[in-house]
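The sequence and the structure are shown first.

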Amino acid sequence: MWRKEPKHKAAPAAAKRSNWHAVEVVSPKSGCPAAQALKGQRFLSAEAPLLPLPDCIRSALCGCLYRKYADRRTESRRENDDTPLRRTLRPAQDRRTKRGRRRSD
């Protein structure tokens, strides 16, 4: 009949982050050699190098930043997962040899 209101409302759930959330170090065209060496390499967020990089020659004026990705992989690992149209277009051979159990079979 009467319901007691909770004293504290539950906080909204934070957005769930993937275990494979990745980042890439992006540097300006005139970036240091340390940042250029990491070009195109993705790191898990927890394992990414801190900015400015330890070998950065412009640590006070570093222009590097992180580009975020949902996954560390750069390409799909499974070619057939791209689209359902890639599945075989011809029907499989009918391997039934006996009649079914129903009268209509």
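## Terms and basis

Two strands are taken to pair if DSSP finds at least two bridges between them. Helices (H or I, at least four residues) and strands (E, at least two) are DSSP runs, numbered from the N terminus.

The model is predicted, so local features need pLDDT of at least 70 and side-chain atom pairs count only at pLDDT 80 or more, while totals for chains, interfaces and linings use all residues. Residues are numbered from 1 along each chain as its sequence is written, and side-chain values use heavy atoms, with hydrogens and water left out.

## Overall architecture

The protein chain contains one helix and three strands, and from the N terminus on these elements follow the order β-α-β-β. Of its 105 residues, 17% count as buried (under 20% relative accessible area, with exposed over 50% and partly exposed in between; 1.4 Å probe, protein chains only).

The accessible surface of the chain comes to about 10,700 Å², and 51% of this belongs to carbon and sulfur atoms; the areas come from the Shrake-Rupley method with a 1.4 Å probe, and for residues only the protein chains shown count as cover. Among contacts (heavy atoms within 4.5 Å) between residues at least 6 apart in sequence, 55% join residues at least 24 apart.

## The sheet

The three strands form an open sheet in the order E2-E1-E3, with antiparallel pairing. Strand E2 (42–44) and strand E3 (65–69) are at the edges with a single partner strand each, so one side of each is left without a neighbour in the sheet. From one strand to the next, the twist averages 40 degrees (axes are lines fitted to C-alpha atoms, for helices over the stretch in contact, and angles run from 0 to 180 degrees between N-to-C directions).

E1 is joined to E3 by five bridges and to E2 by three bridges. On the E3 side, Val 23 stands opposite Lys 68 and Val 26 opposite Leu 65. On the E2 side, Glu 24 has Arg 42 as its bridge partner.

## Strand E1 and Val 23

Five of the five residues of E1 are buried, so the strand is largely enclosed by the rest of the structure. Ala 22, Glu 24 and Val 26 point one way from E1, whereas Val 23 and Val 25 point the other way. In a regular strand the side chains alternate between the two faces of the sheet.

Val 23 has a relative accessible area of 7% and is therefore buried. Beyond four places in sequence, Val 23 touches residues including Phe 43, Ala 48 and Tyr 66. Val 23 and Leu 44 are 21 residues apart in sequence, yet their C-alpha atoms are 6.4 Å apart in space.

Not counting residues up to four places away in sequence, Cys 56 touches Cys 32, Ala 34 and Cys 62.

Ser 27 lies in the loop between E1 and H1. Its side chain makes a polar contact of 3.1 Å with that of Gln 36 (a pair of N or O atoms within 3.5 Å; within protein, one must be able to donate a hydrogen and the other to accept it, and residues adjacent in sequence count only if both atoms are side-chain atoms). Beyond four places in sequence, Ser 27 touches Ala 35, Gln 36 and Cys 64.
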